[in-house]
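User: I would like to learn how to read the computed features of a protein model. Please take each feature in turn, giving the general idea and then the case at hand.

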Amino acid sequence: MAIGKEFKEFAMRGNVVDLAVGVIIGAAFGKIVTSLVNDIIMPPIGMLTGGIDFKDLKYVLKPAVDKTPETAINYGLFINNIIDFIIVAFCIFLIVKGINSMKKKEEAAPAAPPEPTKEEVLLTEIRDLLAKKA
């Protein structure tokens, strides 16, 4: 019973729930970014490069023979994944930057330092007078 109660407390803590929500939203966001890369960004890039589709770029190590599939290095898919990563990283950067700027606005400006006491003012004047005499 104690382990069950402890697990329930662990699972219901705010950090774990926030992490679960973040993972789910991240997976959905990944699909959106993948669609953005594949359906919106890559076609114009392919057109600019003379109709080259990066997905089809590969280096065949061993051609297909009968029912044996070919062995190839699919560097075009790798290029697509790099572009996908860069776009996701940039989008996350913009989101974090936006959240941080909102947090800065929420934080109150630091209070002005308190006025020096009469004793501090007098001691400062005495220090300045002694410095002039020396």
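The dialogue below goes from the overall fold to single residues.

Analyst: The model is a predicted one, in which local features need pLDDT of at least 70, side-chain atom pairs count only at pLDDT 80 or more, and totals for chains, interfaces and linings use all residues. Residues are numbered from 1 along each chain as its sequence is written, and side-chain values use heavy atoms, with hydrogens and water left out.

User: How many helices and strands are there in the chain, and which pattern does the chain follow along the sequence?

Analyst: Helices (H or I, at least four residues) and strands (E, at least two) are DSSP runs numbered from the N terminus. The chain has four helices and two strands, and their order along the sequence is α-α-β-β-α-α.

User: What percentage of the residues in the chain is buried?

Analyst: Relative accessible area decides the class: buried is under 20%, exposed is over 50%, and partly exposed lies in between (1.4 Å probe, protein chains only). Of the 134 residues in the chain, 7% are buried. Accessible areas come from the Shrake-Rupley method with a 1.4 Å probe, and for residues only the protein chains shown count as cover. The accessible surface of the chain is about 11,700 Å², with 69% of it belonging to carbon and sulfur atoms.

User: Which residues form the largest nonpolar core?

Analyst: A nonpolar core is a set of buried Ala, Val, Leu, Ile, Met, Phe, Trp, Tyr and Cys residues joined through side-chain atoms within 4.5 Å. Here the largest one has five residues, namely V33, V37, M42, F54 and I87. Helix α2 (residues 14–48) supplies the largest share of this core, three residues.

User: What does V37 touch, and which residues are in contact with N80?

Analyst: Contact means heavy atoms within 4.5 Å. Not counting residues up to four places away in sequence, V37 touches M42, P43, N80, I83, D84 and I87. N80 is placed in helix α3 and counts as buried because its relative accessibility is 8%. With neighbours within four places in sequence left aside, N80 is in contact with V37, N38, M42, F54 and K55. For the chain as a whole, 36% of the contacts between residues at least 6 apart in sequence join residues at least 24 apart.

User: Which residues make the nonpolar surface patch?

Analyst: Patches are made of residues with over 30% relative accessible area and no salt bridge; like charges are joined within 9 Å, and nonpolar side chains (Val, Leu, Ile, Met, Phe, Trp, Tyr) within 5 Å. In this model Y59, L61, I73, Y75, F78, I82, F85 and I86 make a nonpolar patch of about 860 Å². The elements giving two or more residues to the patch are β1 (59–62) and α3 (75–106), and α3 gives the largest share, five residues.

User: Where are L61 and I73 found?

Analyst: L61 is in strand β1, and I73 is in strand β2 (residues 71–73). I73 counts as partly exposed because its relative accessibility is 44%. L61 touches T71, A72 and I73, leaving out residues up to four places away in sequence.

User: What is the phi of D66 near, and where is D66 found?

Analyst: Most residues other than glycine have a negative phi. D66 has a positive phi, near 50°, and is found in the loop between β1 and β2. D66 counts as exposed because its relative accessible area is 80%.

Terms used. A salt bridge is a side-chain nitrogen of Lys or Arg within 4 Å of a carboxyl oxygen of Asp or Glu.
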